[in-house]
Amino acid sequence: MERREAMKNMALAMGYTLSASTLASLMTSCGEQVTLDWPPKNFSKEQALNVETLCDAIIPKTDTPGAKELGVPQFLDSFIGEVMTEADRAAYLKELDAFIQLCVDSQGKQLYACDEAEKKAFLDEQNAQNKMKYPGIWGADMVKADMRNFFGKFKDTLVWVFFTTKVAGEEILPYDPVPGGYDACFTITPDTKSWSLG
Amino acid sequence: MMQDQSNTNYYDAIVVGSGISGGWATKILAEGGMKTLMLERGRMLRHGEYPTAGLDPWDMPNRGVLTPEQNQEYNKQTRTGWISFDNKDMFVKDVNNPYDEDKRFDWIRGYQVGGRSITWGRQTYRLSDLDFEANAKEGIGVDWPIRYKDLAPWYDYVEKYVGISGQAMGLPHLPDGQFLPPMELNCVEQHTKEIIESTFDSRYLTIGRVTNLTQQHNGRGPCQYRNRCIRGCPYSGYFSSLSSTIPDAEKSGNLTIRANSVVLSVIYDESTGKASGVRIVDAETKETHEFFAKVIFLNASAIGSTSILMNSISDRFPNGMGNDSDQLGRNLMDHHYRVGAMGFIDGFEDKYYKGRRPNGIYIPRFRNLDEATKRDDYLRGFGYQGGAGRAGFDQSAYTDGYGAEYKEQLMKPGPWSMSLVGFGEMLPDPSNRVYLNHDKKDPYGMPTVTFDCEFKDNELAMRKDMKTSAAEMLEAAGFRDVREYDDLGAPGLGIHEMGTARMGHDPKTSVLNKWNQVHGAENVFVTDGAAMTSSACQNPSLTYMALTARAAHYALDQVKKKNL
Ligand SMILES: Cc1cc2nc3c(=O)[nH]c(=O)nc-3n(C[C@H](O)[C@H](O)[C@H](O)COP(=O)(O)OP(=O)(O)OC[C@H]3O[C@@H](n4cnc5c(N)ncnc54)[C@H](O)[C@@H]3O)c2cc1C
Ligand code: SF4
């Protein structure tokens, strides 16, 4: 099981961060808010604005913090600098640019410049085109062909990064670092959340 | 070569390697009163020195994902797909420990005191006479020189000390052992077990037999269900040399551990017809030393011990120590795996579990047990590991949508799925081998090894059945979207490499005798995976432990009788 558990975590990272194509995408919130309050190291300013918008759209602030509050865009900016080779990063950023262009083609502007309705129109489109992935087992991929579009791949990475922030891991999801035993089967309520550590 | 004559170079016994088998040899020899020197090529490591054991994902740089530079350093270990920040220091840096491949071979190693006993998956299953008799019955390879009855008391012996949780089943081909209370199956696993056992003859599903302690045992554990064993366990919740055999051996006062000691060869004394000691390079100073003893145990793992024998050249053994048969390095085996199926199941949405159980399920072999289960398309058989679980936020990959609702959904327990992963037997074949490349030395002056090994027709035919049988069981149990998969990889990936100095009756066709003594140098014992005459399909390390315990007691006895 060690292998399987380790893979579950790695697969999320590798599926998208280590392969030639990786994470992310673009866009920022709606029309008014088009400034970036942090200096990106690996994204261009425009890419960063789009990434931030996309993060906020996928994991928004609700009664718990969203991806933007928890600094996920900044993490992604540094992450692609650290874990990708230059060639992989270039390929990834190219995919990101292509994704940004898709929004321009669809809505006449970049994601971060879209208003809520335009954003929704574009992301609904992207979501519909994305194919579900089948989970892998112990490092073996169940489906050879890459069926995820950029939006889907970005989502996987973003979700993984978001839920492995300290805040999400210790406060948003139930955190149980030393379970001390195994309760093999209990009945849950509608409020039961999934464990933070998988 | 300079010979260091100081007294400290003389011992009663030398054990090469500190992993699962070396820990056992050391414990038995030292506790038996032998002044014992343990030589380990890797760094010193003490129980409790597990710096990543308590780290959560957010505590690690880049969430644990390695940088391209780190990936390059571990470029072969990373073929497993799961080398990351939390475990990398327990595996070798390939750049410093090179090997070559005529055909791809994934040699996954841990060089440190404790070896791979720190990182192993802890699954422990006995072999049976179905396994020990197979070669002789089918005319494959050579006959094992032992039978189950020879090993059974030694399985008992090591199990009592190690502590293995598991369920007794009464199956002749997967003998029960000395078990601590089993871990529990979760509800989907329990459901699947009931359907499989009521639908298919000879098929059973049980909880894995594992060295994780379900209760305190010999002052260790119990396991806290954190599933971080690969990083080392501060609770001593599972069996490793560091947590048990080595500290217990030290209590005898007879053990000296010398880390950073790369053993190059065994020294053969033509006048006595025995080995006199070993030659090492100190990994830090690069100085050569010699150490001498009456008895030498090679426990450097299958390929490690084999390469030391190959590099032990003398007038008597021009082709490597014990290699009169030309079988040294041949019959390399592993288990073939990463084949099976997975699927989702509905109807258990209101059920969940607490704790990260470091263990899965086991479906014992059900093919070629007898006439009723005989297959025409391949010999031997396979077992399945795997398990069921509920997705957490990783359900993102197969969850549609984005936004607030999507976020809420990811925070709820996701769909249940179950995977079955086959582990199949690999037949011994002399053309599957490893050999020394004398033209290319490692940084310590040891010739590097080259692998020439592949899965052959029997394994490939078996895989088809492993795939369809897995899917058939999941479908019978009501899983939906069942997918078969077959990701052959390469030998080595099972991390059960073995067979390169096989035991046998006849020095003309084998390297070791029935007590694991090297033919022609009987004070040299090899009791790691190299000794295996066939691979069976069970995880092998428990058998290495039992072979080691048996041979070490035999060695003690022979020393006492002055035969060694
Ligand atoms: C992730 C993983 C999961 C596994 N899961 C399982 C499982 O569930 N069940 C199972 O049965 N097995 C499993 N294994 C395999 C198991 O780890 C090995 O079978 C076992 O460790 C072999 O024991 P050993 O004593 O032969 O070698 P090792 O434990 O590898 O120890 C060998 C030691 O010898 C040292 N050495 C090598 N060469 C030299 C030299 N020239 N001089 C001095 N020292 C040397 C090494 O540094 C090492 O410390 C797994 C392995 C891994 C990595
Ligand atoms: S799961 Fe158990 S044995 Fe493994 S590291 Fe945690 S406490 Fe130790």
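Helices here are DSSP runs of H or I with at least four residues, strands are E runs of at least two, and both are numbered from the N terminus. H11(B) covers residues 541-560 and reaches 28 Å from its first C-alpha to its last, close to the 28 Å expected at 1.5 Å a residue (1.5 Å times one less than the number of residues). Just past H11(B), B:Lys562 takes a positive phi of about 60 degrees.

This is a predicted model, where local features need pLDDT of at least 70 and side-chain atom pairs pLDDT 80 or more, while totals for chains, interfaces and linings use all residues. Residues are numbered from 1 along each chain, chains are lettered from A, and side-chain values use heavy atoms, leaving out hydrogens and water.

Now for the charges. Across all chains there are 48 salt bridges (a Lys or Arg side-chain nitrogen within 4 Å of an Asp or Glu carboxyl oxygen). One of them pairs A:Asp176 with B:Lys354 at 2.8 Å, N to O. A:Asp176 sits in the loop between H7 and E1 of chain A and B:Lys354 in strand E13 of chain B, so this pair joins two chains. A:Asp176 is buried at 15%, while B:Lys354 is partly exposed at 30%.

Within chain B, B:Arg357 meets B:Glu189 at 2.8 Å, linking parts of the chain 168 residues apart. B:Arg357 is buried at 7%, and so is B:Glu189 at 0%.

Definitions and conventions: Buried means under 20% relative accessible area, exposed over 50%, partly exposed in between (1.4 Å probe, protein chains only).
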